[in-house]
Amino acid sequence: MNEGHLLRIVAAVVVGTLARLVMLRSDYRQYPSYPHAYVVHLGLGFIAASLGGLAVPAIVTRDFMAASILALAGQQFREVRDMERRSLEKLEDTELVPRGTAYIEGIARVFEARNYLAMAAALATSTVSYALPVPRAMAIVAGAACGLATAAIIAGVFGRRTVGDIAVVREGRIRFDGPLLSVDGMVLSNIGLEEARAVIEAKGVGVVLEPKDDNARATIANIGQRQAIVHDAASIMGIRVDISERDFTPLMRLDIATGRAGMVMVPIEKDIGALLEVVRRAPIIETSIRKPLATRAGRIAAD
Amino acid sequence: MDVTLEHAIAAVITTRRDRVGGGAPIFFADDEDDLHRTAIYLAKILDGVVHDLGGGTYIVVKH
């Protein structure tokens, strides 16, 4: 192998791995949250980038066998989704407020997709660095720029929408009608103990989600979507819940007549502004997205 | 995975003997205070949540 190939491959692998590194941040999902998980994903990102970076040189040197094997190797990344799903599902029992299967599926898909993204960035880098009819150093620099741009564009396109995009999130008024707990008229639960009711009245906060259109209404109605919002709110704001203290488990229920959703939680610190922000920034789960307005019948029904 | 009862009535606590019956364990209380105390104790033991059915009857539910 001559030096030209080697430099191009290295550039592509570096760009691909970098793309994966940039996307690897502990964000609103609070996951991954520990160094070993970073190592696992960086390692996989490196392998993905290598696959992307090696494909073009393999074709250029007419090594079609190698190119085919690389294409096959790409299949391995399906395992990533499975791996993430399995480990998160196992951890569900240890969460006071579970993520829910829809959220887990969403996270697992993202982790799989990010490896393909690293691969695409590496592929773009090496394609450009081979295709440009300019001196080698310039071609490699242009390739790297192109690879990074690819990563940025794809990351931008896939940048996920949040609850704040599809619904108006505002504070709701908590009320008790006997033992029945309601927020803005939506009954959420039956709280039996007087002491628990007093805590909720004093320290609880109510949130109301008003969907902006019928698509949003159908999305919020999805149980997985609501569980994801509740999980995010609970994991970021903290909750007064333990195994034997289930009275204050955060709840979100739907007002079927209007499509609004009401939520009550008792955070460690009562800060309604922060809670509203958390709910607004909760991700829309891919699998819960519904688009009834995209169909004729849906539009007619929406009148 | 743990095998636990979900969404099941774990216990019924009441001051009205004529109002309850059936499969869940039933605890009779002498008065409102006893009712209240027993409900809290049972909820702690069973890791459940106390719900008020009114008329002097509480149930503890595993959610």
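**Close-up views of two interfaces in a predicted model**

**View 1. A salt bridge joins A:Glu286 and A:Arg109.** The side chains of A:Glu286 and A:Arg109 meet in a salt bridge, with N to O at 3.7 Å. The model shown here is predicted. One salt bridge is the count between domain 1 of chain A and domain 2 of chain A. Three residue pairs are in polar contact across this interface, both residues at pLDDT 80 or more. On the side of domain 1 of chain A that touches domain 2 of chain A, seven residues are nonpolar, two are polar and four are charged.

**View 2. Chain A is divided into two domains.** Domain 1 of chain A covers 3–158. Domain 2 of chain A covers 163–302. The C-alpha centres of these two domains lie 36 Å apart.

**View 3. Domain 1 of chain A is in contact with domain 2 of chain A.** Domain 1 of chain A brings 13 residues to the contact. Domain 2 of chain A brings 19 residues. About 1,300 Å² is buried between the two domains. Carbon and sulfur atoms give 65% of that area.

**View 4. Chain A meets chain B.** The contact takes 15 residues from chain A. From chain B it takes twelve residues. The area buried between chain A and chain B is about 1,100 Å². Carbon and sulfur atoms give 50% of this area. Three residues of chain A lose the most area to chain B: A:Asn190, A:Leu193 and A:Ser244. Together they account for 38% of what the chain A side buries.

**View 5. A salt bridge links B:Lys44 and A:Glu245.** The side chains of B:Lys44 and A:Glu245 meet with N to O at 2.4 Å. The count between chain A and chain B is one salt bridge. Five residue pairs are in polar contact across the interface of chain A and chain B, both residues at pLDDT 80 or more.

**View 6. β4 and α8 of chain A supply residues to the side that touches chain B.** In chain A, β4 spans 186–190 and α8 spans 194–203. Each supplies at least two residues of the side of chain A that touches chain B. α8(A) gives the most to this side, with three residues. The residues of the side of chain A that touches chain B divide into four nonpolar, four polar and seven charged.

Key. Residues are numbered from 1 along each chain as its sequence is written. Chains are lettered from A and ligands numbered from 1 in the order in which they are written. This is a predicted model: local features need pLDDT of at least 70, side-chain atom pairs count only at pLDDT 80 or more; totals for chains, interfaces and linings use all residues. Side-chain values use heavy atoms; hydrogens and water are left out. Domain bounds come from an automatic or database domain assignment. Contact means heavy atoms within 4.5 Å. Buried area is the accessible area (1.4 Å probe) that two parts lose on being put together, summed over both. A salt bridge is a side-chain nitrogen of Lys or Arg within 4 Å of a carboxyl oxygen of Asp or Glu. A polar contact is a pair of N or O atoms within 3.5 Å; within protein, one must be able to donate a hydrogen and the other to accept it, and residues adjacent in sequence count only if both atoms are side-chain atoms. Ala, Val, Leu, Ile, Met, Phe, Trp, Tyr, Cys and Pro count as nonpolar, Asp, Glu, Lys and Arg as charged, and the others, Gly among them, as polar. Helices (H or I, at least four residues) and strands (E, at least two) are DSSP runs, numbered from the N terminus.
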